[in-house]
Amino acid sequence: MRVRRDNGESLGYSALLALVIAGGASTAHAAAEGDADTNATADSSQIESVTVTARRREEAVQDVPLAVSVLNAKTIESTGTINVGRLSQLQPSVQFYSSNPRNSSVNIRGLGTPFGLTNDGIEPGVGIYIDQVYYNRNATATFDFLDVEQVEILRGPQGTLYGKNTTAGAVNITTRKPTFTPEARIELTRGNYDYTQSKASVSGPLIGDTLAGRLSASYTSREGTIYNVRTGQHINELDNKGVKGQLLWQTSNDFKVTFSADYTEQDPIGYGQVWAKTGSTQRPLARQYAALAAASGNYAPPSFNAFDRLTDLDSPLTAIQQFGGASALAEWNVGHGTLTSVSAYRKWDWGPSNDRDFIGLPITTISANPSKQRQYSQELRYSATGDKIDYVAGVYGFYQTVDTAGVQEQGALASRWLLSGANAALPDILNGLRSENEIGLKNTSVAAFGQFTWHVTDDLRIQPGLRVNYDKKEGKYIARVHNATNTTLTAAQLGVLAPQSYQPEFDDTNVSGDFTVSYDITDDILGYVTYARSFKSGGINLSGLPLDAANQPITAVETVDPEKTNHYEAGLKTQLFSQAVTLNLSAFWTDISDYQATVTNSQANVIRGYLANAEQVRVRGLELEISTRPIEHLNVYANGAYTDHEYVKFPDAPCPPELAGGTAASATNPASAPGTPGGFSPASCNISGQWLPGISKIALSYGLEYDLPVSAFGPDGGAYFAFDASYRSKYSSNPSRSVYTDIGGYSLANFRAGARFGEGWNVYGWVRNAFAKDYYEFLSTQSGSTGLVVAQLGDPRTYGLTVNKQF
């Protein structure tokens with residue numbers, strides 16, 4: 001039987017001294033937090049308790065019938081997890097991919113954002129929340145954590161608890177709040193690649209016990225890990241600056257408002273990919289990469305080994321982003337619960353310049369989509385607890401605008417690479433051909449949501465939830481194309497860049513919900529089963545449409561349908577051997593109809609993909625999380641995810657590179673074998689039964705920390721050593737799986753060792769990717785079916801020293 005706190009929180013007797021590292025390194029690190037209470041438990045083999053707000057109220061994580069993982073501040077800071085993107089090395093069920101901040105995707109269990117280049121017309125399925133404010137742009141994942149206290153990763157649909165609909169999961173980030181007790185923190189890190197990171201925060205009372213403030217700042221810089229031999233610059237560098245200010249106004253124990261404002265800026269030299277390999281397509285042999293490079297002055301990249309980390313990109317590379325906003329979080333204890341209001345404004349400005357032919361030749365000389373995003377949101381929510389019923393109910397409104405001014409321009413060698421026949425030898429046809437794009441989005445979403453828990457008995461709980469959601473999207477895409485002479489466009493030019501103008505619209509209302517039954521099998525074992533029916537809002541294509549035989553946009557694909565998800569899950573949360581071992585197990589099965597996929601068109605001109613619905617996909621798997629303290633001072637954890645995934649039915653998908661680029665197949669000329677030069681290419685491919693992109697079947701994270709108290713270093717002094725590692729098996733990095741873009745499995749290992757001493761001092765050395773593993777984050781192909789494959793490289797071995805001090 002579980003006892004309940006005065007605030008209604010359900011808490012097992014054993015949970016008073018228990019902690020779960022649910023799905024990551026948090027147990028090993030949090031248990032070795034280094035504060036005065038760490039070694040003061042009644043039994044040194046027990047693991048401490050962690051509190052989460054995953055269900056919009058404070059609860060012990062082991063009492064939440066939900067697959068949720070927790071990382072505390074010490075774990076985040078000591079493991080070098082500087083942003084959401086790096087969570088994937090600690091959390092096996094999290095995937096993150098990014099060619100630049102705009103083209104970033106955060107997925108949970110392989111679901112969330114379509115793999116590939118960003119399309120503004122759809123929304124992520126994984127919600128990122130910071131201090132209860134929803135952040136709509138995946139670029140959030142690339143910004144440094146700023147004074148973060150805790151990160152919760154919720155797996156599976158969360159629409160009945162969170163304002164914005166999140167069909168795949170949520171990342172719930174909580175920052176440190178203003179305090180009425182003065183405190184300060186400062187940290188400085190130096191490492192190889194000229195890595196510098198500095199962080200500082202200060203907090204304390206401003207007016208008695210009514211008003212407190214907190215100010216936090218961070219700066220991160222690192223030399224790029226790829227060298228551009230053409231410009232003499234190191235690219236893919238880090239250059240981040242951030243500041244956040246908060247005011248806490250507390251008029252009584254029952255009412256408080258937290259005002260927050262923040263601003264972050266990035267201005268690195270980047271981002272670029274490197275030459276990885278080539279593969280045969282169905283273009284004529286003379287039109288494939290090797291022949292085209294030979295005809296372009298015997299071009300060769302600076303290295304045929306991607307891990308020499310060399311490139312010769314000839315277009316300027318910039319990636320300026322400015323991210324900021326303000327919010328007001330009001331909390332009022334009313335009756336048996338709390339009324340919460342969250343009002344927020346966010347802005348994101350993106351100023352890029354890319355080299356989208358990926359090599360040092362003037363094929364596509366300009367490719368940029370500078371964008372300005374503004375969002376406004378309001379959530380009003382009431383949560384309450386009682387003897388038999390706990391509940392959360394709320395309403396939510398969201399409005400977003402996105403304005404993008406895209407430019408693509410072709411260079412002197414574009415004709416040779418993108419045209420065929422006699423036109424390929426006439427550079428003036430495409431040189432200077434330019435498309436200027438005006439792209440706009442207005443996105444409105446309103447919802448009512450709620451969830452309640454009925455305590456049928458002391459051990460049995462029934463938890464239904466419901467959400468009603470309305471979404472409306474209005475967009476525009478206008479492409480104005482002109483050639484270098486400002487004359488009428490020729491057929492050859494229209495085949496590469498064609499004018500387009502369309503105004504897609506979408507609106508829909510849907511009802512979704514979930515139903516959970518949880519049961520305390522014993523004081524230390526919680527079991528639960530969940531069914532959820534959820535919807536991901538439909539979308540509009542805002543990256544240009546594919547063209548028909550007459551070079552006209554195919555308007556039938558202006559919009560994509562909503563995703564419809566049926567999700568089933570069962571789990572166990574256990575604390576064994578007198579709370580010396582925490583073991584959590586979850587099994588899930590997710591079926592999605594009308595899965596939203598970013599697909600690549602085989603036309604020569606297409607740089608950006610477009611959106612399409614795959615008829616049905618399935619993701620199912622098992623997740624195991626274990627943490628233990630086998631002996632005093634030693635914490636060990638291991639977490640694993642097995643994920644089976646496939647397109648159940650996608651009969652008309654775009655073809656992979658080895659089946660693209662040839663003459664259109666027909667009844668008299670059937671499709672040729674993959675990679676046949678000069679072959680016949682099908683209009684589409686049946687990829688039913690194939691893998692989804694970006695998902696490994698097996699992913700692991702594991703590690704340990706040994707923390708030895710040393711009285712000579714002071715009351716809380718000690719020395720420690722820690723090891724963290726991760727593994728993921730092979731995965732596909734192309735929406736339609738290709739033999740050229742599978743990425744082999746790899747392991748990464750990180751170490752750190754240090755000491756705590758004096759009054760709040762902590763010094764440690766660290767090394768990431770300690771064994772200098774060369775690995776790809778993803779592989780992609782050059783537009784036009786030339787057979788070139790380029791790579792986004794993972795970080796090399798890095799190392800450094802960190803010093804921090806708490807006052």
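Predicted model: local features only at pLDDT ≥ 70, side-chain atom pairs only at ≥ 80, totals over all residues.
Reader: How many aromatic pairs does a search of the whole structure find?

Author: Residues are numbered from 1 along each chain as its sequence is written, and side-chain values use heavy atoms, leaving out hydrogens and water. Rings of Phe, Tyr and Trp (its six-membered ring) pair if their centres lie within 6.5 Å; planes under 30 degrees apart count as stacked, over 60 as edge-to-face and the rest as tilted. The number of aromatic pairs found in the whole structure is 23.

Reader: Is the pair of F143 and F323 stacked or tilted, and why?

Author: Look at the two rings first: their centres are 4.7 Å apart. The planes of F143 and F323 meet at 20 degrees, so the pair is stacked.

Reader: Is F143 buried or exposed?

Author: Buried means under 20% relative accessible area, exposed over 50%, and partly exposed in between (1.4 Å probe, protein chains only). F143 has a relative accessible area of 6%, so F143 is buried.

Reader: What kind of aromatic pair do F721 and F751 form?

Author: Their ring centres are 6.2 Å apart. With 35 degrees between the planes, the pair of F721 and F751 is tilted.

Reader: Which ring does the charged end of R737 sit over?

Author: A charge sits over a ring if NZ of Lys or CZ of Arg is within 6 Å of the ring centre and within 35 degrees of the ring normal. The charged end of R737 is 3.7 Å from the centre of its ring, which belongs to W691.
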